[in-house]
Amino acid sequence: MADIYTLIKEDHDHHRKLLDRIEDTTGASEDRKAAWDDFYHDVKSHAAAEEETFYSKLISKTWGQDAARHSVHEHQQLDDLMEELNDMDMSQGAWLTKFKTLRHDYEHHIEEEEDEVFTRAREVISESEIKGYGERFTARKAEERKLIDEKREDSLED
């Protein structure tokens, strides 16, 4: 299994492709809906798993406390934007405008994470300390995705 840094980066790369796909579509097309659904659910489960594995480890280090708090705060802001987008009509121009804000903010977040946070984390967290966190991240992400899917099914039944 890959290490946690590689797994997080792979998710980010997948999210970048979905952002491109969403932006390359128009209106409320089936392709846009499918790409948005994939992006929304994967980012939500990714963020929860990242916070509970990587950031929980990072916060145990003096330097990591501020970085972890900052990233978790950004996760909340991004989550709020995604929820706003869910409540908007995808065929309206306002949706695309809000989406572009989300894209900008998300790309800033993941670039900062990959460039600054990962670099510093590798300096303050030894490989032996973080060994196994890739498996924990993957397992937690799967658990979170299941919870998100169950919540969605419950809301569709109402």
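**Exercise 1.** Determine whether Asp11 is buried or exposed, and find its salt-bridge partner.

*Solution.* Asp11 has 11% relative accessibility and therefore counts as buried (buried is under 20% relative accessible area, exposed over 50%, partly exposed in between, with a 1.4 Å probe and protein chains only). Next, look for a salt bridge, that is, a side-chain nitrogen of Lys or Arg within 4 Å of a carboxyl oxygen of Asp or Glu. Asp11 has one with Lys141, where the closest N and O atoms are 2.8 Å apart. This pair joins helix α1 (residues 4-23) to helix α6 (residues 133-157), across 130 residues; helices are DSSP runs of H or I, at least four residues, numbered from the N terminus.

The model is predicted: local features need pLDDT of at least 70, side-chain atom pairs count only at pLDDT 80 or more, and totals for chains, interfaces and linings use all residues. Residues are numbered from 1 along each chain as its sequence is written, and side-chain values use heavy atoms, leaving out hydrogens and water.

**Exercise 2.** Which salt bridge does Lys141 form with Asp42, and which network includes the two residues?

*Solution.* Lys141 has a relative accessible area of 14%, so Lys141 is buried. Its side chain meets that of Asp42 at 3.1 Å, N to O. Asp42 lies in helix α2, 99 residues from Lys141 in the chain, and is also buried. Asp11, Asp42, Lys141, Arg145 and Asp149 form a salt-bridge network.

**Exercise 3.** How many salt bridges are there by this rule?

*Solution.* The count is 22.

How values were computed: Helices (H or I, at least four residues) and strands (E, at least two) are DSSP runs, numbered from the N terminus.
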